[in-house]
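Dear colleague,

Please find below the sequence and structure that I am handing over to you. My notes on the findings follow directly after.

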Amino acid sequence: KRGALEKTKDWMEKAFHKFKPQQRIQAKWEDGVWYRATIDTVNSDETFDILYDDGAYEKNATAENIKVLKYAPHEFKKSDKIEARWKSGVDWFPGTIVCENKNGSYHIQYDDGDVEKRVKPDCIRPDGSKNANDENEASVVNDETLSLVANQLNKRKAEIEEQSSVKHIKINSPSY
C-alpha cells in the first residue's frame, strides 16, 4: 500500500498539469477564504502566479490552494435580482432584470439607479453567487472578460517588475 506522501505527490502533479495561464480559478488567499482569480504564470517549480479579481497578486501559489472555477449558463426573467458587470467591466453591481431583449441581452435597473439596456447574459449572474465558497456558483466568462483580465495581469506584472528593478543608491553626504 502506498503512503500518504506518495498519493499527495501524485495528486499535486496531476493538479499542476490541469492548470494553464489565463485560466479562471478560485484560489485560497492567506486568510483561508477562496476568491475568484486568474492564473498568470505556471512556474517550472510547479507553483503558480495568480491575479485575484480584486487586483491582489500572489506569487508561487501551490496547486492545493487552487481549484477550477465552474461555469454554468443561466437564464433570467423579469424582476430577478442579479449582479451584473457595468459596461462589461470587471466589477459586479447589484440590480434587477427589467426585461429580456429580442437579441438575448437584458435590460437592467441597477440598485444605485443606473440603467443598462443591452447587457449580455455572460455579464450577469444570480444575486448571491459572488460567494467563492459556493461550489455550484453560476457564472460565465467570455473572450471580452478574458481580455480584460489579461490586461489587468499585464499591468500588475509590469508594476511588480518595475518595483523589483528599483536600485538603492547610496549618497555620500558632503563633509564640511
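Cysteine 123 has a relative accessible area of 1% and is therefore buried (buried means under 20% relative accessible area, exposed over 50%, partly exposed in between, with a 1.4 Å probe and protein chains only). Cysteine 99, at 30% relative accessibility, counts as partly exposed. The structure holds 0 disulfides, a disulfide being a pair of cysteine sulfur atoms within 2.5 Å.

Please note that this is a predicted model, in which local features need pLDDT of at least 70 and side-chain atom pairs count only at pLDDT 80 or more, while totals for chains, interfaces and linings use all residues. Residues are numbered from 1 along each chain as its sequence is written, and side-chain values use heavy atoms, with hydrogens and water left out.

As to the overall fold, the protein has 2 helices and 10 strands; these are DSSP runs numbered from the N terminus (helices: H or I, at least four residues; strands: E, at least two). Their order along the sequence is α-β-β-β-β-β-β-β-β-β-β-α. Of the 176 residues, 36% count as buried. The protein exposes about 11,600 Å², of which carbon and sulfur atoms supply 50%; accessible areas come from the Shrake-Rupley method with a 1.4 Å probe, and for residues only the protein chains shown count as cover. Among contacts (heavy atoms within 4.5 Å) between residues at least 6 apart in sequence, 47% join residues at least 24 apart.

The largest nonpolar core has 11 residues, namely Phe19, Ile25, Ala27, Ala37, Ile39, Phe48, Ile50, Tyr52, Ala61, Ala63 and Ile66. A nonpolar core is here a set of buried Ala, Val, Leu, Ile, Met, Phe, Trp, Tyr and Cys residues joined through side-chain atoms within 4.5 Å. At least two residues of this core come from each of strand E1 (24–28), strand E2 (34–42) and strand E3 (47–52), and E3 gives the most, with 3 residues. Isoleucine 50, leaving aside its neighbours within four places in sequence, is in contact with residues including Ile25, Ala27, Ala37, Ala61 and Ile66. A second, separate core of 10 residues includes Tyr110, Val119, Cys123 and Ile124.

The structure also holds 4 aromatic pairs. Rings of Phe, Tyr and Trp (its six-membered ring) pair if their centres lie within 6.5 Å; planes under 30 degrees apart count as stacked, over 60 as edge-to-face and the rest as tilted. One of the pairs joins tryptophan 29 and tyrosine 52, whose ring centres are 5.0 Å apart with planes at 80 degrees, so this pair is edge-to-face. Tryptophan 29 lies in the loop between E1 and E2 and tyrosine 52 in strand E3, 23 residues apart, so that the pair links distant parts of the chain. Tryptophan 29 is partly exposed at 26% relative accessibility, whereas tyrosine 52 is buried at 2%.

Phenylalanine 76 and tyrosine 106 form another edge-to-face pair, with 5.6 Å centre to centre and 90 degrees between the planes. Phenylalanine 76 is buried at a relative accessible area of 6%, and tyrosine 106 is buried at 3%.

Finally, lysine 67 lies over the face of tryptophan 34, at 4.3 Å from the ring centre, and arginine 125 over that of tryptophan 92, at 4.0 Å. The criterion is that NZ of Lys or CZ of Arg is within 6 Å of the ring centre and within 35 degrees of the ring normal.

Yours sincerely
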